[in-house]
Amino acid sequence: MISFRFHIVSIVAVFLALAIGIVVGSTVIDRAIVEGLRNRVDEVSDNLDERQAANDALQTEVDDLTDFTNQSAALSVDGRLADTVTVVITDDGVDRDPVDRTIELLAQAGSTVRGVLTIDGSWALEDEATRAALAETVDLDSEATVEELQARAASLLVTDLSSRVEVVGDGTGALDEISGLDLVAYEALADVEALRPRRVLFVLVSGPESDLGSSAHTEAFAVAAADTAGAVVVAEVWRESEDGPDRADSLSVILGSPTLSAEISTVDALDLPFGPTITVFALVVGRQGEVGHFGVGDGAEAVSPAPVESP
(Lines give C-alpha, C1' and ligand atoms only; values in the text may rest on other atoms or scores of the structure.)
Protein backbone atom coordinates (compact mmCIF):
# COMPACT_ATOMS: atom_id res chain seq x y z
CA MET A 1 0.00 0.00 0.00
CA ILE A 2 1.34 3.40 -0.97
CA SER A 3 1.50 5.71 1.98
CA PHE A 4 1.84 9.48 2.26
CA ARG A 5 5.38 8.97 3.45
CA PHE A 6 6.17 7.18 0.19
CA HIS A 7 4.96 10.21 -1.79
CA ILE A 8 7.12 12.53 0.26
CA VAL A 9 10.17 10.33 -0.23
CA SER A 10 9.49 10.07 -3.97
CA ILE A 11 9.19 13.84 -4.39
CA VAL A 12 12.35 14.46 -2.40
CA ALA A 13 14.18 11.86 -4.51
CA VAL A 14 13.03 13.54 -7.71
CA PHE A 15 14.27 16.96 -6.63
CA LEU A 16 17.49 15.49 -5.31
CA ALA A 17 18.11 13.77 -8.63
CA LEU A 18 17.34 17.01 -10.48
CA ALA A 19 19.79 18.93 -8.30
CA ILE A 20 22.50 16.31 -8.79
CA GLY A 21 21.89 16.39 -12.55
CA ILE A 22 22.20 20.18 -12.70
CA VAL A 23 25.42 20.17 -10.69
CA VAL A 24 26.98 17.40 -12.75
CA GLY A 25 25.82 18.91 -16.05
CA SER A 26 27.03 22.38 -15.25
CA THR A 27 30.43 21.04 -14.26
CA VAL A 28 30.78 19.26 -17.58
CA ILE A 29 29.63 22.32 -19.49
CA ASP A 30 32.01 24.59 -17.57
CA ARG A 31 34.89 22.30 -18.38
CA ALA A 32 33.92 22.27 -22.05
CA ILE A 33 33.66 26.06 -22.12
CA VAL A 34 36.98 26.51 -20.35
CA GLU A 35 38.64 24.05 -22.66
CA GLY A 36 37.16 25.78 -25.68
CA LEU A 37 38.32 29.20 -24.49
CA ARG A 38 41.76 27.82 -23.76
CA ASN A 39 41.99 26.48 -27.30
CA ARG A 40 40.89 29.84 -28.72
CA VAL A 41 43.52 31.66 -26.66
CA ASP A 42 46.18 29.27 -27.93
CA GLU A 43 45.05 29.86 -31.53
CA VAL A 44 45.09 33.64 -31.11
CA SER A 45 48.52 33.47 -29.51
CA ASP A 46 49.84 31.35 -32.39
CA ASN A 47 48.31 33.75 -34.94
CA LEU A 48 49.84 36.71 -33.12
CA ASP A 49 53.26 35.10 -33.22
CA GLU A 50 52.87 34.42 -36.93
CA ARG A 51 51.74 38.00 -37.61
CA GLN A 52 54.63 39.39 -35.59
CA ALA A 53 57.10 37.25 -37.51
CA ALA A 54 55.55 38.41 -40.80
CA ASN A 55 55.71 42.06 -39.66
CA ASP A 56 59.35 41.65 -38.66
CA ALA A 57 60.14 40.21 -42.06
CA LEU A 58 58.33 43.05 -43.82
CA GLN A 59 60.11 45.64 -41.68
CA THR A 60 63.44 44.07 -42.56
CA GLU A 61 62.49 44.26 -46.23
CA VAL A 62 61.46 47.91 -45.86
CA ASP A 63 64.74 48.72 -44.10
CA ASP A 64 66.71 47.01 -46.87
CA LEU A 65 64.81 48.91 -49.57
CA THR A 66 65.29 52.18 -47.69
CA ASP A 67 69.02 51.54 -47.44
CA PHE A 68 69.17 50.74 -51.14
CA THR A 69 67.21 53.90 -52.00
CA ASN A 70 69.52 56.09 -49.93
CA GLN A 71 72.69 54.46 -51.20
CA SER A 72 71.70 54.49 -54.86
CA ALA A 73 70.23 58.01 -54.87
CA ALA A 74 73.55 59.79 -55.31
CA LEU A 75 74.44 57.65 -58.30
CA SER A 76 71.03 58.11 -59.92
CA VAL A 77 71.17 61.93 -59.75
CA ASP A 78 74.90 62.33 -60.39
CA GLY A 79 75.65 65.30 -62.63
CA ARG A 80 72.07 65.83 -63.79
CA LEU A 81 71.93 69.45 -62.56
CA ALA A 82 75.47 70.52 -63.41
CA ASP A 83 76.17 74.26 -63.60
CA THR A 84 72.95 75.25 -61.86
CA VAL A 85 72.22 77.20 -58.68
CA THR A 86 69.43 76.13 -56.35
CA VAL A 87 67.61 78.05 -53.62
CA VAL A 88 65.56 76.19 -51.02
CA ILE A 89 62.64 77.89 -49.30
CA THR A 90 60.99 76.07 -46.39
CA ASP A 91 58.43 76.79 -43.68
CA ASP A 92 59.55 76.90 -40.10
CA GLY A 93 58.19 73.89 -38.21
CA VAL A 94 58.59 71.48 -41.11
CA ASP A 95 60.94 68.56 -40.45
CA ARG A 96 64.35 69.71 -41.63
CA ASP A 97 65.84 66.22 -42.18
CA PRO A 98 64.21 65.64 -45.61
CA VAL A 99 65.22 69.18 -46.60
CA ASP A 100 68.84 68.54 -45.67
CA ARG A 101 68.77 65.24 -47.57
CA THR A 102 67.45 67.08 -50.62
CA ILE A 103 70.29 69.59 -50.33
CA GLU A 104 72.80 66.72 -50.24
CA LEU A 105 71.36 65.21 -53.40
CA LEU A 106 71.26 68.56 -55.16
CA ALA A 107 75.00 68.84 -54.54
CA GLN A 108 75.46 65.28 -55.86
CA ALA A 109 73.51 66.32 -58.95
CA GLY A 110 76.00 69.13 -59.56
CA SER A 111 73.87 72.05 -58.40
CA THR A 112 75.27 74.64 -56.02
CA VAL A 113 72.76 75.32 -53.26
CA ARG A 114 73.04 79.02 -52.62
CA GLY A 115 71.11 78.95 -49.34
CA VAL A 116 67.99 78.10 -47.39
CA LEU A 117 65.29 80.66 -46.67
CA THR A 118 63.08 79.71 -43.70
CA ILE A 119 59.66 81.34 -43.48
CA ASP A 120 58.74 82.23 -39.91
CA GLY A 121 55.25 81.74 -38.50
CA SER A 122 54.93 85.53 -38.26
CA TRP A 123 54.74 85.58 -42.07
CA ALA A 124 50.99 85.09 -41.54
CA LEU A 125 51.01 88.81 -40.63
CA GLU A 126 48.50 88.53 -37.83
CA ASP A 127 50.20 91.36 -35.94
CA GLU A 128 49.16 94.85 -37.07
CA ALA A 129 52.54 96.41 -36.32
CA THR A 130 54.29 93.74 -38.39
CA ARG A 131 51.93 94.35 -41.31
CA ALA A 132 52.63 98.09 -41.16
CA ALA A 133 56.38 97.56 -41.04
CA LEU A 134 56.31 95.17 -43.98
CA ALA A 135 54.10 97.51 -45.99
CA GLU A 136 56.68 100.25 -45.56
CA THR A 137 59.54 97.88 -46.41
CA VAL A 138 57.96 96.65 -49.65
CA ASP A 139 56.63 100.10 -50.55
CA LEU A 140 52.90 99.32 -50.36
CA ASP A 141 50.03 101.24 -48.82
CA SER A 142 49.38 100.46 -45.17
CA GLU A 143 45.87 99.36 -46.13
CA ALA A 144 47.17 96.61 -48.42
CA THR A 145 45.77 93.16 -47.71
CA VAL A 146 47.84 90.37 -46.20
CA GLU A 147 47.83 88.56 -49.54
CA GLU A 148 49.11 91.67 -51.35
CA LEU A 149 51.87 92.17 -48.80
CA GLN A 150 52.93 88.53 -48.93
CA ALA A 151 52.94 88.48 -52.73
CA ARG A 152 55.03 91.63 -52.96
CA ALA A 153 57.49 90.48 -50.29
CA ALA A 154 57.80 87.02 -51.85
CA SER A 155 58.51 88.51 -55.25
CA LEU A 156 61.25 90.76 -53.85
CA LEU A 157 62.80 87.88 -51.94
CA VAL A 158 62.83 85.59 -54.96
CA THR A 159 64.38 88.34 -57.07
CA ASP A 160 67.07 88.90 -54.46
CA LEU A 161 67.79 85.21 -54.04
CA SER A 162 68.11 84.62 -57.78
CA SER A 163 70.04 87.77 -58.62
CA ARG A 164 73.44 87.55 -60.26
CA VAL A 165 75.13 89.00 -57.19
CA GLU A 166 73.47 87.97 -53.97
CA VAL A 167 72.66 90.96 -51.78
CA VAL A 168 73.22 89.76 -48.25
CA GLY A 169 74.76 91.58 -45.33
CA ASP A 170 74.77 95.20 -46.50
CA GLY A 171 71.31 96.01 -45.11
CA THR A 172 69.96 97.35 -48.38
CA GLY A 173 68.46 94.35 -50.16
CA ALA A 174 64.97 92.95 -49.70
CA LEU A 175 66.39 89.84 -48.08
CA ASP A 176 68.19 91.82 -45.39
CA GLU A 177 65.30 94.19 -44.80
CA ILE A 178 62.62 91.51 -44.52
CA SER A 179 64.91 89.36 -42.40
CA GLY A 180 65.24 92.39 -40.12
CA LEU A 181 61.51 92.15 -39.43
CA ASP A 182 62.01 88.53 -38.25
CA LEU A 183 59.66 87.29 -40.95
CA VAL A 184 62.30 85.10 -42.57
CA ALA A 185 65.72 83.72 -41.74
CA TYR A 186 68.35 83.05 -44.35
CA GLU A 187 71.19 80.54 -44.15
CA ALA A 188 73.78 81.14 -46.85
CA LEU A 189 75.43 77.90 -47.98
CA ALA A 190 77.52 79.04 -50.92
CA ASP A 191 78.85 82.32 -52.31
CA VAL A 192 78.00 81.86 -55.96
CA GLU A 193 77.00 84.07 -58.86
CA ALA A 194 73.88 83.13 -60.80
CA LEU A 195 75.00 84.27 -64.22
CA ARG A 196 71.82 83.20 -65.99
CA PRO A 197 68.40 83.27 -64.27
CA ARG A 198 67.27 80.17 -66.16
CA ARG A 199 69.97 78.17 -64.41
CA VAL A 200 68.53 79.12 -61.02
CA LEU A 201 66.23 76.48 -59.53
CA PHE A 202 63.83 76.72 -56.59
CA VAL A 203 62.60 74.06 -54.17
CA LEU A 204 59.74 75.22 -51.96
CA VAL A 205 58.85 73.06 -48.95
CA SER A 206 55.76 73.11 -46.77
CA GLY A 207 53.61 70.60 -44.92
CA PRO A 208 50.96 70.12 -42.23
CA GLU A 209 53.48 70.88 -39.46
CA SER A 210 54.23 74.35 -40.84
CA ASP A 211 54.19 77.07 -38.18
CA LEU A 212 52.08 79.14 -40.56
CA GLY A 213 49.06 76.87 -40.15
CA SER A 214 48.51 76.57 -43.89
CA SER A 215 50.43 76.52 -47.15
CA ALA A 216 48.50 79.25 -48.95
CA HIS A 217 51.51 81.58 -48.84
CA THR A 218 53.47 79.09 -50.96
CA GLU A 219 51.64 80.30 -54.05
CA ALA A 220 53.25 83.73 -53.97
CA PHE A 221 56.78 82.28 -53.80
CA ALA A 222 56.01 79.64 -56.45
CA VAL A 223 54.56 82.16 -58.89
CA ALA A 224 57.44 84.58 -58.43
CA ALA A 225 60.01 81.80 -58.91
CA ALA A 226 58.23 80.38 -61.96
CA ASP A 227 58.41 83.80 -63.63
CA THR A 228 62.21 83.94 -63.45
CA ALA A 229 63.75 80.56 -62.58
CA GLY A 230 64.67 77.60 -64.71
CA ALA A 231 62.51 75.19 -62.73
CA VAL A 232 60.36 75.21 -59.59
CA VAL A 233 59.24 72.30 -57.43
CA VAL A 234 56.87 72.64 -54.51
CA ALA A 235 57.35 69.69 -52.14
CA GLU A 236 55.43 68.48 -49.11
CA VAL A 237 56.82 66.97 -45.93
CA TRP A 238 53.74 65.09 -44.75
CA ARG A 239 53.08 63.78 -41.26
CA GLU A 240 50.17 61.47 -40.51
CA SER A 241 47.75 62.53 -37.79
CA GLU A 242 44.44 61.14 -36.58
CA ASP A 243 42.34 64.06 -37.83
CA GLY A 244 44.25 64.71 -41.05
CA PRO A 245 45.13 66.51 -43.23
CA ASP A 246 45.62 64.02 -46.04
CA ARG A 247 48.82 63.68 -48.01
CA ALA A 248 49.12 66.36 -50.73
CA ASP A 249 46.71 68.76 -48.99
CA SER A 250 49.62 71.20 -48.57
CA LEU A 251 49.91 71.27 -52.36
CA SER A 252 46.25 72.03 -53.01
CA VAL A 253 46.96 75.66 -53.89
CA ILE A 254 49.01 74.39 -56.85
CA LEU A 255 47.15 71.19 -57.72
CA GLY A 256 43.77 72.90 -57.49
CA SER A 257 44.66 75.57 -60.04
CA PRO A 258 44.69 74.61 -63.74
CA THR A 259 47.05 77.49 -64.43
CA LEU A 260 49.55 76.87 -61.63
CA SER A 261 49.51 73.08 -62.01
CA ALA A 262 50.54 73.54 -65.64
CA GLU A 263 53.52 75.71 -64.67
CA ILE A 264 54.80 74.37 -61.34
CA SER A 265 55.77 70.79 -60.45
CA THR A 266 54.91 69.19 -57.12
CA VAL A 267 56.19 66.29 -55.01
CA ASP A 268 53.99 65.08 -52.15
CA ALA A 269 56.48 62.58 -50.71
CA LEU A 270 59.51 64.51 -49.48
CA ASP A 271 59.08 62.76 -46.12
CA LEU A 272 59.54 59.32 -47.70
CA PRO A 273 62.98 57.82 -48.43
CA PHE A 274 62.66 58.34 -52.18
CA GLY A 275 61.15 61.84 -51.90
CA PRO A 276 64.38 63.88 -52.15
CA THR A 277 65.46 61.88 -55.20
CA ILE A 278 62.11 62.49 -56.89
CA THR A 279 62.45 66.20 -56.14
CA VAL A 280 65.81 66.34 -57.89
CA PHE A 281 64.40 64.41 -60.86
CA ALA A 282 61.47 66.85 -61.01
CA LEU A 283 63.96 69.72 -61.30
CA VAL A 284 65.84 67.86 -64.03
CA VAL A 285 62.74 67.42 -66.20
CA GLY A 286 61.56 70.90 -65.22
CA ARG A 287 64.66 72.40 -66.82
CA GLN A 288 63.57 70.73 -70.04
CA GLY A 289 60.18 72.37 -69.82
CA GLU A 290 58.27 69.40 -68.41
CA VAL A 291 55.91 69.96 -65.50
CA GLY A 292 54.60 67.05 -63.47
CA HIS A 293 53.05 66.07 -60.16
CA PHE A 294 54.75 63.20 -58.41
CA GLY A 295 54.39 61.09 -55.27
CA VAL A 296 51.78 58.81 -53.77
CA GLY A 297 48.94 61.15 -52.76
CA ASP A 298 45.87 62.46 -54.52
CA GLY A 299 46.78 64.48 -57.59
CA ALA A 300 50.02 62.63 -58.30
CA GLU A 301 50.38 61.60 -61.92
CA ALA A 302 53.24 59.19 -61.21
CA VAL A 303 55.54 58.29 -58.36
CA SER A 304 58.54 59.75 -60.18
CA PRO A 305 59.39 61.40 -63.50
CA ALA A 306 60.49 59.09 -66.25
CA PRO A 307 64.31 58.86 -66.56
CA VAL A 308 65.81 61.54 -68.77
CA GLU A 309 69.24 62.42 -70.02
CA SER A 310 71.04 65.26 -68.29
CA PRO A 311 70.56 68.55 -70.14
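Q: Which elements each supply at least two residues of the lining of the largest cavity?

A: Strand 1 (84-91), strand 4 (200-206) and helix 6 each do. Those labels come from DSSP runs numbered from the N terminus (H or I, at least four residues, for a helix; E, at least two, for a strand). By that count the protein has 9 helices and 7 strands. Keep in mind that this is a predicted model, where local features need pLDDT of at least 70 and side-chain atom pairs count only at pLDDT 80 or more, while totals for chains, interfaces and linings use all residues. Residues are numbered from 1 along each chain as its sequence is written, and side-chain values use heavy atoms, with hydrogens and water left out.

Q: What makes a bit of space a cavity, and how many turn up at 30 Å³ or more?

A: On a 1 Å grid over the protein atoms alone, a cavity is a set of points where a 1.4 Å probe fits but cannot get out, and lining residues have an atom within 4 Å of a point. Searching the whole structure gives 1 cavity of 30 Å³ or more. The largest cavity holds about 40 Å³ of space.

Q: How do the residues lining the largest cavity divide by type?

A: The lining is made of Ile-89, Asp-91, Leu-204, Val-205, His-217, Thr-218 and Phe-221. They split into 4 nonpolar, 2 polar and 1 charged. For sorting, Ala, Val, Leu, Ile, Met, Phe, Trp, Tyr, Cys and Pro are nonpolar, Asp, Glu, Lys and Arg are charged, and the others, Gly among them, are polar. Asp is on the charged list, so Asp-91 is the charged one here.

Q: Why is the pair of Trp-123 and Phe-221 called tilted?

A: Rings of Phe, Tyr and Trp (its six-membered ring) pair if their centres lie within 6.5 Å; planes under 30 degrees apart are stacked, over 60 edge-to-face and the rest tilted. The structure holds 1 aromatic pair. The partners sit 98 residues apart, with Trp-123 in the loop between strand 2 (111-119) and helix 3 (128-137) and Phe-221 in helix 6 (residues 218-228).

Q: Are Trp-123 and Phe-221 buried or exposed?

A: Buried means under 20% relative accessible area, exposed over 50%, and partly exposed in between (1.4 Å probe, protein chains only). Trp-123 comes in at 1% and Phe-221 at 2%, so both are buried. Across the 311 residues of the protein, 38% get that label.

Q: What makes a set of residues a nonpolar core, and which members of the largest one touch the most others?

A: A core is a set of buried Ala, Val, Leu, Ile, Met, Phe, Trp, Tyr and Cys residues joined through side-chain atoms within 4.5 Å. In the largest, with 39 residues, Ile-89, Leu-117, Trp-123, Ile-178, Phe-202 and Phe-221 touch the most other members. Helix 4 (residues 146-161) gives the largest share of this core, 6 residues. There's also a second, separate core of 27 residues, including Val-77, Val-99, Ala-109 and Phe-294.

Q: How do you know that Val-184 is buried, and what does Val-184 touch?

A: Its relative accessibility is 5%, so Val-184 passes as buried. Val-184 lies in strand 3 (residues 184-188). Leaving out residues up to four places away in sequence, Val-184 touches Leu-117, Thr-118, Ile-119, Asp-120, Trp-123, Leu-157, Ile-178 and Ser-179, where contact means heavy atoms within 4.5 Å.

Q: Is the peptide bond from Gly-244 to Pro-245 cis or trans?

A: Omega is near 5°, and the bond is cis. Pro-245 sits in the loop between strand 5 (231-236) and helix 7 (252-255). Arg-247 is found in that loop too, and at 14% Arg-247 is buried.

Technical notes
1 Å grid on protein atoms, 1.4 Å probe; cavity = no way out; pocket = protein on both sides within 12 Å on 5 of 7 lines; lining within 4 Å. Points joined across faces, edges and corners; volume = space filled by probe spheres on them.
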